[in-house]
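Trainee: I am new to this structure. Could you show me how to read its features, one at a time?

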Amino acid sequence: MASRQGSSRLADSTSPYLLAHAGNPVDWWPWGEEAFAEARRRDVPVFVSVGYATCHWCHVMARESFSDPELAAYLNERFVAIKVDREEHPDVDAAMLAQAGAFTQNLGWPLSVFTTPEGGAFYAGTYFPPRAGQGVPAFREVLEAITDAWTQRRDEVGAIASALVGALAERRPAPDAEAVDLDAAADAIAALDDPEFGGLGRGPKFPNAPVLAFFAEHGPRELARRTLAIMAASPLRDPVDGGFFRYATQRDWTEPHYERMLGDNAQLLALAARLAPFDPGAERIATGIAGFLLDTLRLPSRAFASAQDSESDLGGQRSEGGWYRLDAGERARHPAPALDRKVLTGLNGLAIGALAEAGARFDRPEWVAAAAVAADALPVRDGGRLVRSSLDGRASDAVATLEDYGGLAGGLLRLALASGDVRHAIRARELVDAAGSGPPEGADPVLSAQGLALAPDLADGATPSGPALLADAALLLWAVTGEDGYRELAAASIAPAIAESAGRASAYGAALELAARLARPARQLVVVGDEADRAPLAGVARTAVADAVALVTASQAVAFEDAGFELFAGRAPRDGRPAAYWCEQFVCRLPVSDAAELATLLAGSGSSGAAPSG
């Protein structure tokens, strides 16, 4: 009966990770107040297991422990077990990680947290094997120890949990922001560069796209270019289809962790587009990444899946990375690793923006078109509120976060500039306005009731923090509207992160990149004219280094102006010829209609590929 109950509770989930556990003999509950109410009714502790669909060790623990009927029976009898997809519920994951940090420094996934029915943790770890070894207890031993503590030392358990909840509630707010020394921050991060193999540090190597974006904006730009080129030539990048893996376990980028994430690849595509004026190899890298997004991660709905698994079935055996070590011909004879088909709105926003920006940069209109179709494919709630996560068009009950509002708004703005379709810019403005004082839906209601809701994390993870993504959208919105309130929102959103960045700048690359953009005048370029006629000007515009580059028809420029986007006011062809308007801080030069004259203008302002790399 327990197995059927657990299966039925997860069977309608919008998370492939939860669906993969629906057949376990563990009587799983999804995240929600009902699970904690059941624990209170039965007077048992709660086991919260957090992971995600492409997590290798999550798969391993599922096979070894959660599929074991005897162990599952013990777990079902003495605990209420909750399964959480960290990507669907990032706020729950953050709260559990914050509590787990009191018990282990080796945080990761699968994350195993034991809490009271009120939500306070009293023990935590990560992967527990079926048999003890290398100083790690067996999972059954952990369960037995937790049971003993719960039944024999309840007061001690309660005190630990209460103290943790109290400590989280009393966490000091971020210090007041001070002016950041961008040169010092860049030097501090650059000092971590591996001069032999590239990348930061000497241990496992991650792409760290937010830091590379900071280097591309403020310098050393050559280090960003070099690192991207090294990664693209290394085993971190799939030689068959051009997608990048999550990270490499070795200093020389060998032995990748083979899962492939939407967020990583979207950011690296945007980086390649940004570096293109200074790197002739960037287009090849971008083409590979875009191909991976469109051929592998794009779903039938035309939105993008969250990730592709590292494991696959080779000859009836589960293999970690085995499929990726095959050539193209051999791959065709085996099933490809599964996709995490969950659609995350914020990460789709990053992909939409990257495809739009790269499509405009490299004259690939099909990439821009794909971005537009993906934008229209994302589900929304009544009243236009965002959906955090969905599966096959079914919305999760998880609340949308700043990552979703900021990530999608930034993507839609870049799509509007690349496509000339003002409706995307209008929608982006609505999202930024809605999220300016925080996510409209608020925090997760269960965490709020338990006193465990945390402020958004200010540090970057694999992707920029939610506040940084909102700031990015707000700053780009300022560049096309001229409304200072958006610039002020961007500055306020990153100020706490800047204050925290002292001494560990590499964890705040996105905030530092935004601080660098805020510290200089905005640069904008609008080319107006029919598509065929403006082609020579558009070719030069693709080399521009600017905050906003728009290629629009005369009627599209009017539509932007009518919608309140000041950058487009009065932008029209001149004497029947297409015209290019180069502006800095909304002060625009006289329009030019000659491509060579535009190239000279951009070079003279230090805003083309001919500019010093800084």
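Mentor: Strands here are DSSP runs of E with at least two residues, helices are runs of H or I with at least four, and both are numbered from the N terminus. This is a predicted model, where local features need pLDDT of at least 70, side-chain atom pairs count only at pLDDT 80 or more, and totals for chains, interfaces and linings use all residues. Residues are numbered from 1 along each chain as its sequence is written, and side-chain values use heavy atoms, with hydrogens and water left out.

Trainee: How many bridges join β8 to β9?

Mentor: Two strands pair if DSSP finds at least two bridges between them. Here two bridges join β8 to β9 (residues 307–308), and the strands run antiparallel.

Trainee: What is the strand order in that open sheet?

Mentor: The order is β8-β9-β12, three strands with antiparallel pairing. β8 (260–261) and β12 (339–340) are at the edges with a single partner strand each, so one side of each has no neighbour in the sheet.

Trainee: And what is the order in the open sheet that holds β14?

Mentor: That one reads β13-β14-β15, with three strands and antiparallel pairing. Its edge strands are β13 (343–344) and β15 (394–395), each pairing on one side only. β14 (residues 389–391) is joined to β15 by two bridges. Look for Leu 391, opposite Arg 394 in β15.

Trainee: Let us turn to helices. How are two packed helices described?

Mentor: By the angle between their axes and the distance between the axes. The axes are lines fitted to C-alpha atoms, for helices over the stretch in contact, and angles run from 0 to 180 degrees between N-to-C directions. Take α20 (residues 466–481) and α22: they pack at about 20 degrees, with axes 9 Å apart.

Trainee: What does that angle make of α20 and α22?

Mentor: Angles under 35 degrees count as roughly parallel, over 145 as roughly antiparallel, 65 to 115 as roughly perpendicular and the rest as oblique. α20 and α22 are therefore roughly parallel to each other.

Trainee: Which residues of α20 and α22 meet?

Mentor: Contact means heavy atoms within 4.5 Å. From α20, Ala 468, Ala 471, Asp 472, Leu 475 and Leu 476 meet Ala 510, Ala 511, Leu 514, Arg 517 and Leu 518 of α22.

Trainee: How many residues of α10 are buried?

Mentor: Buried means under 20% relative accessible area, exposed over 50%, partly exposed in between (1.4 Å probe, protein chains only). In α10 (residues 209–218), nine of the 10 residues are buried. Among them are Val 211, Leu 212, Phe 214 and Phe 215. The buried residues of α10 pack against α9 (182–190), α11 (221–232), α12 (262–275) and α22 (509–518). Just after α10, Gly 219 has a positive phi of about 100 degrees.

Trainee: How many disulfides does the structure hold?

Mentor: A disulfide is a pair of cysteine sulfur atoms within 2.5 Å. The structure holds two. Cys 55 and Cys 58 form one, with sulfur atoms 2.3 Å apart. Cys 583 and Cys 588 are joined too, at 2.0 Å from S to S.

Trainee: Are Cys 55 and Cys 58 buried or exposed?

Mentor: Both Cys 55 and Cys 58 are buried. Cys 583 is buried, at 0% relative accessible area, whereas Cys 588 is partly exposed, at 27%.

Trainee: What are the angles about the S-S bonds?

Mentor: For Cys 55 and Cys 58 the angle is 80 degrees, a right-handed link. For Cys 583 and Cys 588 it is 95 degrees, also right-handed.
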